[in-house]
Amino acid sequence: MSTVAPAAGAATTELDRDASIALYRRMRLIRRFEDTIQSLFQRGEVHGTTHLYSGEEASAVGVCSALEPQDRVAGTYRGHGHALALGVPTGGLLDEMLGRSTGVCGGRAGSMNVVDLDHQLIGCFGIIGGSIAAATGASLALRSRNGVAVAFFGDGTTNHGYFHECLNFAQVMKLPVVFVCENNLYGEFTPWEDVTAGQIRSRPEALEMSAVTIDGNDVWTVHAAAREALAHARRGDGPYFIEALTYRFVGHSRSDPGAYRKPGELDAWRQRDPLKLARAALADVFDVGEDELAEIEAAVDGELEAAVEAGLAAPYPEPGIARQFKD
Amino acid sequence: MEFRQAIRDALDEELARDERVIFFGEDVARPGGVFAVTPGLQEAHGSDRVFDTPISELALAGAAFGSAVCGARPVIEIMFGDFLPLAMDSLVNQAAKYWYLSNEQASVPLVVRSAIGAGGRFGAIHSQNPASWFTNVPGLKVVAPSTPGDAKALLKAAIRDDNPVLFLEHKRLYSLKDDAPAAEPAEIGVAAVRRTGGDVTIVSAMKGVHDCLAAAELLAESGIEAEVIDLRTLRPLDSGTVLESLARTNRLVVVEEGPMTGGWAGEILSLAIENALEHIDDAYRIATADTPIPYSPTLEDAFLPSAQSIASNIRSRLGVSTAEAVGFTG
């Protein structure tokens with residue numbers, strides 16, 4: 001059982017310069033997407049509620065960059081990052097948030113329930129634990145195709161029935177599923193340690209499941225852990241558990257200013273911003289210059305601006321459409 | 001052929017026909033199921049496709065959903081219908097909504113088999129009919145056969161259906177026998193007229209159909225000819241067959257084994273009122289009381305609709321007899 005975290009804070013040699021730049025670009029895209037959603041929400045263009053992923057980008061990007069095409073992913077209600085990390089088109093995802101017919105689910109799903117099977121995303125789930133259930137089931141079907149299913153979920157979900165039932169189910173059946181707990185220290189508004197007995201990783205370990213706790217803000221560390229986990233699951237050694245320690249820079253949802261944070265906590269985590277860490281590592285390890293980074297960032301910003309312009313001009317679904325179920 | 005054998009045969013034939021079909025649940029494989037419905041399937045189809053699971057209804061339903069989305073055609077058994085609430089998130093929030101929310105990217109071809117119904121002295125949490133908890137869910141189909149032939153034909157259809165299907169098996173029917181069922185799947189959503197008659201239309205499902213047929217014989221002794229409709233599927237409902245019969249008899253009685261309040265019987269009365277008010281001389285329900293299901297034999301027997309109580313209520317309502325009606329009516 002591997003319980004030792006890979007060394008944090010440095011780019012690994014598993015990914016070359018271009019691949020490493022691509023990780024940064026994807027994280028930057030997620031950050032800018034979430035900034036954009038927040039602004040559109042304030043303008044009344046994004047409806048209901050949103051759960052932003054800012055601060056946790058390294059987790060989704062590190063894991064999803066290690067997948068094979070036959071693998072599948074289940075995300076959470078905080079799932080924009082999971083979707084973008086998988087390559088769900090920025091415009092299609094944004095349009096879904098805007099409730100437009102051009103959205104990736106035609107405006108039927110909204111923020112919490114995005115599905116894009118063309119991009120390996122079997123779904124995002126509005127109730128905690130849904131991702132664990134979906135991925136456990138998916139692994140049952142994927143095992144004959146050398147595929148692995150990945151479930152993202154938060155620390156709060158480790159107290160949920162799905163967590164205990166599905167981890168046991170997957171372990172006794174040696175299913176090819178990787179459980180990625182994004183421990184961002186809070187279940188909604190409540191510190192995880194106030195409502196969670198013991199250490200999270202001790203729970204999979206009690207099931208004799210391979211488990212590791214890693215720095216979830218270092219994208220190369222996450223990528224390396226995901227590679228190991230996926231290889232483990234793919235060769236038939238059963239499920240694998242990753243606890244990625246991370247932090248969300250925003251409140252739980254739109255109405256939450258995050259007043260429960262401890263003094264100085266946010267500032268401390270800002271120092272460990274996954275984008276900042278990646279930017280520094282790209283410069284140090286791959287000698288990526290400021291000009292090149294600025295060019296990448298400008299390209300991402302341009303992509304978002306174009307998506308917003310197109311999205312706001314896109315049509316809403318025809319209200320009269322109420323399609324029947326297939327039979 | 002026994003009802004339980006018909007279900008086993010349907011599973012056996014579909015597992016053989018389509019390699020995407022898998023079957024799993026608590027005690028279904030090596031033990032062969034608590035009601036001895038599924039022995040031998042694991043030996044015939046292998047432990048990768050037919051297997052026992054932990055006692056984990058959440059995981060079972062979640063695994064059914066996730067595997068269905070990824071190309072399998074799972075059939076699971078939730079041992080007693082009373083345990084379905086434990087599986088409800090995956091069935092209601094995930095499986096039933098998926099086709100619609102995903103903008104029709106993928107269907108969810110799963111089947112949940114579950115043993116339901118009272119009369120076995122199992123008490124309040126092993127005897128319920130959960131149909132009405134699920135007939136309220138768009139995206140789910142609810143199939144409720146009354147005969148071995150239908151059990152086989154409808155289970156085959158359920159497994160081939162691209163939607164999530166809840167397949168209800170009344171415990172008191174497992175030993176029921178009829179002739180060798182047809183090999184072909186039946187169409188889901190089509191009711192059957194089990195007995196024709198011009199005086200009153202009685203609608204029911206599962207074991208209730210047999211009670212209603214027996215009640216119809218009792219009514220015939222009083223000169224009342226009842227038409228008995230077996231719904232066979234509770235969602236979607238075959239309103240056409242019900243309304244057509246009502247137009248001829250002008251009287252509608254719906255018999256549901258389940259609490260009156262919020263039950264599917266009320267849905268059928270609504271259909272009649274909305275679509276055929278001009279044909280209605282009378283329309284009402286016979287259901288169980290709004291209490292938990294009692295254990296003691298005398299209490300459970302009094303609680304359930306029976307041929308006698310159904311016949312007595314209909315006679316009373318028609319004014320054919322002054323005999324006091326028994327049972328609970330609307």
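These legends walk you through close-up views of a predicted model. Residues are numbered from 1 along each chain as its sequence is written, and chains are lettered from A in the order in which they are written. Local features need pLDDT of at least 70 and side-chain atom pairs count only at pLDDT 80 or more, while totals for chains, interfaces and linings use all residues, and side-chain values use heavy atoms, without hydrogens and water.

**View 1. The largest cavity is lined by residues of chain B.** Here a cavity is a set of points, on a 1 Å grid over the protein atoms alone, where a 1.4 Å probe fits but cannot get out; lining residues have an atom within 4 Å of a point. The largest cavity holds about 60 Å³ of space, the volume being the space filled by probe spheres set on the points. Look for B:Phe35, B:Met79 and B:Tyr174 among its lining residues.

View 2. Contact, meaning heavy atoms within 4.5 Å, takes in 35 residues from chain A and 39 residues from chain B.

**View 3. A salt bridge joins B:Glu104 and A:Arg108.** Their side chains meet at 3.3 Å, N to O.

Notes
On a 1 Å grid over the protein atoms alone, a cavity is a set of points where a 1.4 Å probe fits but cannot get out, and a pocket is an open set with protein on both sides within 12 Å along at least five of seven lines; lining residues have an atom within 4 Å of a point. A salt bridge is a side-chain nitrogen of Lys or Arg within 4 Å of a carboxyl oxygen of Asp or Glu.
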